[in-house]
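Thanks for coming, everyone. Please bring the structure up on your screens. I will keep this short.

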Amino acid sequence: MDQSQINAQRAQPIAPRHHLIDGKHIPASDGATMEVLSPIDGQGLTTIARGTVRDMEAAIASARAAFEDRRWAGQPPAARKAVLRRWAELIDANALELAVLGVRDNGTEISMALKAEPGSAAGTIRYYAEALDKVYGEIAPTPGDILGLIHKEPVGVVGAIIPWNFPLMIGAWKLGPALAMGNSVVLKPAETASLSLLRMADLALEAGLPPGVLNVVTGEGAVVGEAMGLSMDVDVLVFTGSGGTGRRLLEYAGRSNLKRVYLELGGKSPNIVFADAPDLDEAAKVAAAGIFRNAGQVCVAGSRLLVEDAIHDDFVAAVVKAAEAMRVGDPLDVTTQIGAVNSEAQLHQNLGFVETALSEGGEVVTGGTRILDETGGYYMAPTIVTGVTPEATLAQKEVFGPVLSVTPFPTEDDAIRIANSTVHGLAGAVWTSNLSRAHRMVRAVRAGVIHVNTYGGADGTVPLGGVGQSGNGSDKSLHALDKYVDLKTAWIKL
Ligand code: NAD
């Protein structure tokens with residue numbers, strides 16, 4: 001990665017952005033805009049359209065028209081595959097521009113953003129492009145005088161609501177399978193991370209996706225997101241974000257057309273370290289990276305460290321050392337390991353969690369404060385709090401920031417009990433060289449993904465989805481396709 005190319009990109013002015021509706025760039029119906037502040041220095045970057053309910057309705061109408069006239073769903077699979085493959089190529093060709101644009105908007109360190117954003121998004125689009133002509137219907141085992149066919153049909157109009165931490169990666173997790181199956185999509189990016197998604201959508205048009213098949217409406221969740229949730233014409237709603245918004249989306253579905261709602265929500269994922277871990281130094285470094293990269297703004301972050309009593313003090317010391325060695329700073333510097341917190345509001349929320357943890361008996365052993373104030377940006381020192389009881393706020397509630405809680409455990413049964421003592425169930429890890437224990441833990445810990453002797457990095461071949469209040473349904477892998485099709489039976493008397 002070349003720092004001078006990154007610097008050249010960051011020096012580019014960013015033109016004000018409009019919605020993408022029906023293949024055209026359109027301002028908000030009342031002309032309103034929102035200022036985009038960069039978390040790097042708190043300065044204004046550009047403006048985006050502050051969408052209205054009318055804008056969202058126009059985008060949904062465009063998606064509906066595109067679906068009904070079959071301009072995309074009606075194309076042969078090979079043609080849809082070619083468009084999606086071209087789109088992936090364009091994302092790769094414009095990766096640096098997309099990554100830098102995204103980092104200026106959301107603050108993720110560029111070393112991570114390049115891989116996790118355009119790199120991952122292109123890979124995801126390519127994966128579903130390749131998958132789309134390998135999805136077959138079924139013939140049912142009926143009596144001989146009957147032919148029972150099971151068709152997989154596109155659902156129609158998909159609404160996708162995306163958070164700010166990895167807009168391209170998470171956006172592609174929805175767009176790839178939704179478009180591959182022939183649906184039309186209306187995408188609603190997060191207020192504080194719209195720019196790179198808008199640019200990626202432009203590249204889809206350039207690749208040959210027909211107008212109206214992918215629309216992007218920016219603005220406030222409470223306005224345009226709500227309008228999408230309440231629409232009578234959105235068939236499936238896919239969401240990644242907080243539990244609070246997820247609840248609202250379920251209510252909107254109940255109050256409108258009973259649209260299917262898939263939720264990828266937050267986590268409080270336990271990273272469980274036994275004394276017999278194969279390499280405790282490695283485990284400590286991975287534990288630090290597993291919570292502090294992208295300033296902890298990772299849904300699967302290992303935010304609860306559970307450590308066996310016998311190694312607690314030494315292991316915590318090693319994690320503190322690893323955390324303090326991580327370089328926090330300008331996210332567009334290639335050597336930075338921890339970038340900016342996405343917004344000032346999020347930074348204050350993170351600091352509030354630290355105060356609460358202290359008041360509940362926790363001890364901050366490193367970090368706990370805002371740093372680099374002189375930049376005007378939003379930075380927080382990687383923070384480790386020990387002595388956190390399983391019931392404490394910091395052990396129960398997702399921070400979505402660079403704050404690690406540490407809780408000791410005496411036995412394997414205690415580790416399982418503590419691990420399962422939150423309402424979440426997104427991810428987790430177990431570190432042990434005991435094969436039987438590893439498998440027991442994989443079975444016992446309630447989560448969508450359990451890592452063994454590593455943390456994070458699961459690729460697109462495996463599903464990611466939460467259980468409990470971490471959500472339902474999965475992104476990634478062939479399983480994700482199920483969300484974007486309806487099964488239709490043909491029962492034919494021969
Ligand atoms: P958020 O719920 O505040 O916002 C997410 C999106 O929902 C944004 O686009 C926002 O504009 C929109 N929104 C807000 N209010 C809405 C409403 N009333 N109606 C419709 N849409 C509305 O979440 P966030 O702060 O952007 O993201 C952080 C959360 O996302 C964390 O909880 C994190 O764990 C979770 N997350 C989960 C995963 C996963 O795969 N499970 C991945 C990344 C992030």
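This is a predicted model: local features need pLDDT of at least 70, side-chain atom pairs count only at pLDDT 80 or more; totals for chains, interfaces and linings use all residues.

Residues are numbered from 1 along each chain as its sequence is written, and side-chain values use heavy atoms, with hydrogens and water left out.

Let's start with empty space. Rolling a probe the size of a water molecule over the atoms shows where empty space is left. Here we use a 1 Å grid over the protein atoms alone; a cavity is a set of points where a 1.4 Å probe fits but cannot get out, and a pocket is an open set with protein on both sides within 12 Å along at least five of seven lines. Lining residues have an atom within 4 Å of a point. Points are joined across faces, edges and corners, and a volume is the space filled by probe spheres set on them.

The largest pocket holds about 1200 Å³ of space. Its lining has 47 residues. Nearest the centre are Phe239, Gly241, Ser242, Gly243 and Thr245. Which elements give two or more residues to this lining? They are α8 (221-230), β10 (236-240), α9 (243-255), β11 (260-264) and α12 (344-359). Helices (H or I, at least four residues) and strands (E, at least two) are DSSP runs, numbered from the N terminus. The largest share, 9 residues, comes from α9. By class, the lining has 18 nonpolar, 21 polar and 8 charged residues. Nonpolar covers Ala, Val, Leu, Ile, Met, Phe, Trp, Tyr, Cys and Pro; charged covers Asp, Glu, Lys and Arg; the others, Gly among them, are polar.

Next, the second largest pocket. It holds about 1000 Å³. There are 38 lining residues, with Ala116, Met169, Gly456, Gly457 and Ala458 nearest the centre. In this lining, α5 (110-131) gives the most, with 9 residues.

The largest cavity has a volume of about 70 Å³. Its lining includes Gly267, Ile291, Glu398 and Phe400. Those lining residues divide into 7 nonpolar, 4 polar and 1 charged.

On to the cores. A nonpolar core is a set of buried Ala, Val, Leu, Ile, Met, Phe, Trp, Tyr and Cys residues joined through side-chain atoms within 4.5 Å. Buried means under 20% relative accessible area, exposed over 50%, partly exposed in between (1.4 Å probe, protein chains only). The largest core has 120 residues, and Trp87 and Met200 have the most contacts inside it. The largest share of this core, 9 residues, comes from α6. Apart from it lies another core of 21 residues, among them Val157 and Phe239.

Alanine 204 sits in helix α7 (residues 195-206). Is alanine 204 buried or exposed? At 2% relative accessibility, it counts as buried. Alanine 204 is in contact (heavy atoms within 4.5 Å) with Trp87, Leu209 and Leu214, leaving out residues up to four places away in sequence.

Arginine 17 lies in the loop between α1 (3-10) and β1 (19-21). Arginine 17 is buried too, at 15%. Its side chain makes a polar contact with the side chain of aspartate 202, at 3.2 Å. A polar contact is a pair of N or O atoms within 3.5 Å; within protein, one must be able to donate a hydrogen and the other to accept it, and residues adjacent in sequence count only if both atoms are side-chain atoms.
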